[in-house]
Structure formats: structure tokens, C-alpha cells
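Please read the following report alongside the sequence and the coordinates. It is arranged by topic, from the overall fold to individual residues.

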Amino acid sequence: QRTVTWSESLLVSFVLDFLPLIGVNLRAMWSGDSRSVAANGQYLLVRASRYRSLGGHRAIRAEMVDDFALARRFQVCGYKIAFVDGREIVQCRMYRNVREVWEGFSKNLLLGLETATRERRFAWRGALFIWCFACLFVTPFYHLAQGGVRWLALIEIGWLLLLRGWVSAHLKRPSAETATTPFAGWMVMALGITALYRRWRGREIRWKGRVYRG
């Protein structure tokens, strides 16, 4: 992921490189045992014959999160989905300013969670995801600030930063991104609240010249 501005450095790698590793069982997805799916639309590699036989992007043209939707279509048809480390051969700059970062991720967040799972009980899964996310990125810092079980909060924060640091080192990301992990987590929660509010109000989403309902 190529990142230039502060908003890109804060969120792009966190959302695309880090969250999938802690939120998706990639091994189960590869083996075909997972009910969830994930994909990175920046670069998808499929056999042309299979892509055409499944209707290509025309088959999922109404979907806003098209990479997840296409991966889901392949998965339900019995094909395997795998994440491959391609950082030595491909690169992408996803967004270029804070407005693009905010609009892009607030558009994708809830819809990506919905498209990722086959189950219809998304409301239950969404609530569980929010609770787990808050436990990981909010609760430890709250206890640290309030003077509660600080030793446990420090262990949790240290583990979180260690995990992000390991991912960053493996992907050769700038070390400064590890230090911004808590802020990135809080920003993702703000993005989620924005997406929920937009859906509650029934507001339209405009993206690349098309209009969707939130």
C-alpha cells in the first residue's frame, strides 16, 4: 500500500493489511471451511475462463463492495479464495486525501462486513464485532486512563502493538504506523458510527458517478 498523506498512513494499511489478519480466518477460507470471505479489489487474479463463466463483474454490478461480492460468488460456486503476498510485484495508492479516505472507508465498512458473510444474522454478528473491536481498541485505554487494572491494560496494549509491529515488519511498512494503531482503531469506530448513522437516516451514497442507498 502506497501512503503519502497522514490520513492514508493512519488508516489504509491498518484497514487493508492489519484488520483482515485479525478478523478473517484465511486458512479456513483457503480450505473452503469458512463462512466468511475477504478480497482486495486493488488486485484480483483469477482464471479468465472461470471469471467469464460466472458472469464477471456484470453479475455483481449492483454491489458497491464488488471485490467481496465477486469473491463470494466464486466461493459459493466451490472455488477457493486465497490471499497471496504480492508486495514485491504490485502496489497501489488507494486514496489521496483525507476526504477520499473518510468517504471510501465509511462507504465500505458495514457493507464489507455484510458481504463477507453468508449468514443472515448479520445484526448479531455486527454487534459482536463492535463489542470485540471495542474490547481490543477502547477498553484497555479506558482502564489505563481511569486507573483501574492498569497492569492488565498495559499487557493488552503491549500485545496489540506487538501484533501490529509484527505485521508491519513482515509487510515492510513504516515503523511509525505501529505507534498510530490505537488512533486508527478509534477512527475505524468513528467510521462505523458514521456508516450506521447514514443507514439510519437512509441517506444516499455517491461513488464513482453512481448512487446507492446506505
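The sections below take up the model, its helix packing and some of its residues.

## Basis of the model

This is a predicted model, in which local features need pLDDT of at least 70 and side-chain atom pairs count only at pLDDT 80 or more, while totals for chains, interfaces and linings use all residues. Residues are numbered from 1 along each chain as its sequence is written, and side-chain values use heavy atoms, with hydrogens and water left out.

## Overall fold

The chain has 10 helices and 2 strands, where helices (H or I, at least four residues) and strands (E, at least two) are DSSP runs numbered from the N terminus. Along the sequence these elements follow the pattern α-α-α-α-α-α-α-α-α-α-β-β.

Of the 214 residues in the chain, 36% are buried; buried means under 20% relative accessible area, exposed means over 50%, and partly exposed lies in between, with a 1.4 Å probe and protein chains only. Among contacts (heavy atoms within 4.5 Å) between residues at least 6 apart in sequence, 68% join residues at least 24 apart.

Helix α1 (residues 6-23) packs against helix α8 (residues 150-170) at an angle of about 110°, and their axes are 11 Å apart; here axes are lines fitted to C-alpha atoms, for helices over the stretch in contact, and angles run from 0 to 180 degrees between N-to-C directions. The two helices, α1 and α8, are therefore roughly perpendicular to each other, a term that covers angles of 65 to 115 degrees, whereas those under 35 count as roughly parallel, those over 145 as roughly antiparallel and the rest as oblique. The crossing in which α1 passes α8 is right-handed; a crossing has this hand if the near helix is turned clockwise from the far one by less than a right angle, and is left-handed if anticlockwise. From α1, the residues Ser13, Phe14, Asp17, Phe18, Leu21 and Ile22 meet Leu160, Leu163, Arg164 and Val167 of α8. By class, this contact of α1 with α8 has 7 nonpolar, 1 polar and 2 charged residues, where Ala, Val, Leu, Ile, Met, Phe, Trp, Tyr, Cys and Pro count as nonpolar, Asp, Glu, Lys and Arg as charged, and the others, Gly among them, as polar.

Helix α1 also packs with helix α10 (residues 181-200), at an angle of about 80° and with the axes 9 Å apart, so α1 and α10 are roughly perpendicular to each other. In this contact Leu10, Leu11, Phe14 and Val15 of α1 meet Thr181, Phe183, Ala184, Gly185, Met187, Val188 and Leu191 of α10. The residues of the contact of α1 with α10 divide into 9 nonpolar, 2 polar and no charged.

## Helix α7 against α8

The axes of helix α7 (residues 139-146) and α8 come within 8 Å and cross at roughly 145°, and α7 passes α8 in a left-handed crossing. On the α7 side Pro140, Phe141, His143, Leu144 and Ala145 take part, and they meet Arg150, Ala153, Leu154, Glu156 and Ile157 in α8. The residues of this contact of α7 with α8 divide into 7 nonpolar, 1 polar and 2 charged.

Phe105 lies in helix α5 (residues 98-116) and counts as buried because its relative accessibility is 5%. Not counting residues up to four places away in sequence, Phe105 touches Leu11, Val12, Val15, Met94, Tyr95 and Leu191. Phe105 and Gly192 are 87 residues apart in sequence and 8.9 Å apart in space, C-alpha to C-alpha. Trp102 is also placed in helix α5, but at 29% relative accessibility Trp102 counts as partly exposed. Leaving aside neighbours within four places in sequence, Trp102 is in contact with Met187, Ala190, Leu191 and Thr194.

Ser7, found in helix α1, is buried with a relative accessible area of 3%. A polar atom of the Ser7 side chain lies 3.4 Å from the backbone nitrogen of Val98. Apart from neighbours within four places in sequence, Ser7 is in contact with Val12, Asn97, Val98 and Val101.

## A loop residue with positive phi

Lys172 lies in the loop between α8 and α9 (176-179) and is exposed, with a relative accessible area of 61%. Phi of Lys172 is near 60°, a positive value in a residue other than glycine. Most residues other than glycine have a negative phi.

Key: A polar contact is a pair of N or O atoms within 3.5 Å; within protein, one must be able to donate a hydrogen and the other to accept it, and residues adjacent in sequence count only if both atoms are side-chain atoms.
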